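Work through the exercises below with the sequence and the 3D view side by side, and try each task before reading its solution.

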Amino acid sequence: SDHMENIYGYLMKYTNLVTGWQYRFFVLNNDAGLLEYFVNEQSRHLKPRGTLQLAGAVISPSDEDSHTFTVNAASGEQYKLRATDAKERQHWVSRLQICTQHHTEAIGKNNPPLKSRSFSLASQGSASSPGVQRRPSQNAVSFFNVGHHRLSTGKRVPVMQPDHLVDVREMMSQAEGQQRDLIRSIECLPVSGHLTSLDQDLLMLKATSMATMNCLNDCFHILQLQHASQQKGSLPAGTAINWLEPKISLANHFKNGAAQNFPAEINKPASVREEQSVAEPCQLTREPEEINPDEELEDICDDKEDDLGAVEEQRSVILHLLSQLKLGMDLTRVVLPTFILEKRSLLEMYADFMSHPDLFIAITNGTTPEERMIRFVEYYLTSFHEGRKGAIAKKPYNPIIGETFHCSWRMPKGDVATDAGSNSSAHSASEQVTLSKDLEGQKELDYYTVKFVAEQVSHHPPVSGFYAECAERKMCVNAHVWTKSKFLGMSIGVTMVGEGVLSLLEHGEEYTFSLPCAYARSILTVPWVELGGKVNINCVKTGYSASINFHTKPFYGGKLHRVTGEVKQNMTNTVVCRVQGEWNSVLEFTYSNGETKYVDLTKLSVTRKRVRPLEKQGPFESRRLWQHVTESLRDGDIDKATEHKRALEERQRNEERLRAETETAWCTKYFLKEGDGWVYHKPLWKTVSAVQTQQTDTN
C-alpha cells in the first residue's frame, strides 16, 4: 500500500499508422483502479479522452525497445505507450502492475473460487429470435447468466486425493459440454441486429472460455501423470510432461465469428468455380516450360504492406485464434486468417531477395577468392531488406504443391562493379561465342539477364525450390527451403531449413549457405519482423568461410535488427573482413587493411523484376493462381478473399486425397530430388559442361 500512489505525467500513445505517436497526459488513479489520459495537463479537469480499467489487466514491457510498453485491459482494449527513457518506463510499469494486482485481488476476494459455473442463454424476446429485442444499453456479457455456487465459508476444503480424479474428469466433461453449448449459442446468433455472433464481447467470451478449457485439460493431464508416478513411486526416466495439442480442429472450428456457410455451387462467383475445377496437376503437362524473357514486362505492382487497418479491425479474431494455440505448437497445418496475408506468394518473396542483381553479378568479378567471398557476403546481407514489403509483419501465401513463379532482371553492364585488371572470362573467345549462342543469343546486348524460377515441390513438409542464373557471367544459385512455423506466445517463429549453393563456373567455386530464422513479434499490437540465428557461408575450394549472426533484440536495451559477422581464411584462421550494423539499415564492412566501407540499404537502387502478363501465365503460376485473392485484398474485401483462398486450399486437399487413394506419386516440373535436397532440372553447370564437351569433340 506504500506504493499505491497516484502518478501522472506525459507519455506518448500510439494511435494508428496515419496519426502515429502523440503526446498525452496520463493519470494513474489508484483508488478507482483506472488509467486515464487527457490531451494535455491543462485539460485534466475535463472528461478523460480515454479510460482503462486495470483490474485483470496485463502490463507488458515491449520487446521493440527500452521505452515502450503496453497495457492490455481485460475488456480487450489496449494502450501502446512510450516513455522518455528506460527508467521512466520501469517507473510506470511497476506502479501500474502494483495497482493492477491490488484491484485484481480485490475482485478475487469478493468472488471466492467457483465450484461450478452454468451458462445459459438468457431469453430475450421471442424464442425464435433471442436477441432481436435486446435493449441498446444492455451489455453483451450480461446477456449470459453466470451462476456462482459459492463454497461454504465454515468448512475447510480437503486436499484432493488421487482417487478423486474420476470426479474431476466427470466435472470437466460437464464443463466441456457447457462450453460447447455456449459456443453453439453464440454462433447461432444472427449476423445482423442488436446482438450478433460477431459482437466483440461475445467473441472475447468465446475465446477466453476456449482457452480456459484447454488449460484445464493440460492441468488434468499433468495431474494424471502425477497420479501415475505416485502409484509407481516415481516417473520413469526420460518421461516428459508435455502440453497437450488442442482438441478442437482449427481448420473446422475457426469460423471468424459465426459459422460461414458459403452459397451453393450455382451461386459462387465464376472465379471460385474456376479455382475448384482446375484439373489435377499431374493430369496437366508436367514438361518444363522454357520462359522467353522477351515476353516479360517490367513489374508495376508495388504492394507495400504498411496497412494495419485490417489487423486492428480483426483483433478479436486474432484473440480467438490465439486461444487455440499452444507454446511450441507447429503452425504448418493451421489455417491462418486471410487479413494477415501479404499480397504475394512465398515463391515471389524468394524472388524479391534478388532485387539487387548488380551486386549478385558483381560477385564473380572479384579478382581473388577473398574478394569474391566478401562480395557474396555483401550481396547476402543486402538481400533481406528488399525481401520484406513494408514494416508490418504479414505472411505471404502458402504456395500450393506444383505452384511456380518465373521472373527475370535486366542489368545494364555498365552498372555492374568490376575491378581493374580483372579477366571477365577465363575461357577462349570461341567458347564465349559458342556459349552465348547456345545459352542467350544476346552477345551484342548491353545488359545482363538474370533468370529466376521457383516451384513448390512438397506440401507436407512444405518445401520450395528456387533457382537463378546469369548465363553470360556463368553463375547460378540453387536452393531448397523447408519452412517450419511455431507459436511462441506473443510471437511466431519461422525456421528456414535447407541449403543454397552459389556456383561461379568461371572460377570453379561453390559457396554453400543457409538462411536465418524469422520472427513476427508483437502479434497483438503492431506486428514487426525480426531475423535471428547464426548462418554460415563456406567455399571448400578456396578455404574461405563467413559466419554471420542475426541478433534478436534482448528484453531490455539493445538495438533492433542487429547483425555481426566475419570472413576468414580457414587454413590460417585469419579474419579478413568484419561486418556490423542493421540488416535493414546501414552495414559497416571493415577490411584487414584497415579500410572501412558503409552500405546504406535504404539508398541502394532496386531493379524491378520482369514478369509475364497474367494472360500469358500458366494456371499454376503464382500471380495467376492467387489473382482473385490478391484483388480482393487490394479492394479490402476480406470475406471474398477468404472464399477464394479456401477454394484453392480445398482443391489442394482433394487432389492430395486422390493421389493417396490411387497411390500416385507427385510429379515435379522443374526440380529433381537429389539426396535430401532439390536441384533444378537444367542447371547452368550442366549446360556449360555440355558446351565444353562439344568444343572438345570439335577440336
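The exercises that follow concern aromatic pairs, charges over rings and cavities in a predicted model.

**Exercise 1.** Classify the ring pair formed by phenylalanine 384 and phenylalanine 550, and state which parts of the chain the pair ties together.

*Solution.* Begin with the search of the whole structure, which finds 21 aromatic pairs. For phenylalanine 384 and phenylalanine 550, the ring centres are 5.5 Å apart, and pairing requires centres within 6.5 Å. Next, take the planes, which stand at 80 degrees; planes over 60 degrees apart count as edge-to-face, so this pair is edge-to-face. Then place the two residues: phenylalanine 384 belongs to helix H10 (residues 369-387) and phenylalanine 550 to strand S21 (residues 544-551), so the pair ties together parts that are 166 residues apart in sequence.

**Exercise 2.** Decide whether phenylalanine 384 and phenylalanine 550 are buried or exposed.

*Solution.* The cut-off for buried is under 20% relative accessible area. Phenylalanine 384, at 6% relative accessibility, counts as buried, and phenylalanine 550, at 4%, counts as buried too. Ring pairs also link both residues into a cluster whose members include Tyr350, Trp409 and Tyr511.

**Exercise 3.** Describe the lining of the largest cavity.

*Solution.* Start from the five cavities of 30 Å³ or more found in the whole structure, the largest of which holds about 190 Å³ of space. Its lining has 13 residues, and those closest to the centre are Phe353, Tyr379, Ser383, Phe466 and Phe513. H10 supplies the largest share, five residues. Sorted by type, the lining has 12 nonpolar residues, one polar and no charged.

**Exercise 4.** Which ring does lysine 484 lie over?

*Solution.* Lysine 484 lies over the face of tryptophan 482, at 5.0 Å from the ring centre.

Definitions and conventions
Residues numbered from 1 in each chain as written. Predicted model: local features only at pLDDT ≥ 70, side-chain atom pairs only at ≥ 80, totals over all residues. Heavy atoms only, no water. Phe/Tyr/Trp six-rings, centres within 6.5 Å; stacked < 30°, edge-to-face > 60°. Helix = DSSP H or I, 4+ residues; strand = E, 2+ residues; numbered from the N terminus. Buried < 20%, exposed > 50% of the residue type's maximum accessible area, 1.4 Å probe, protein only. Lys NZ or Arg CZ within 6 Å of the ring centre and 35° of its normal. 1 Å grid on protein atoms, 1.4 Å probe; cavity = no way out; pocket = protein on both sides within 12 Å on 5 of 7 lines; lining within 4 Å. Points joined across faces, edges and corners; volume = space filled by probe spheres on them. Nonpolar A, V, L, I, M, F, W, Y, C, P; charged D, E, K, R; others polar.
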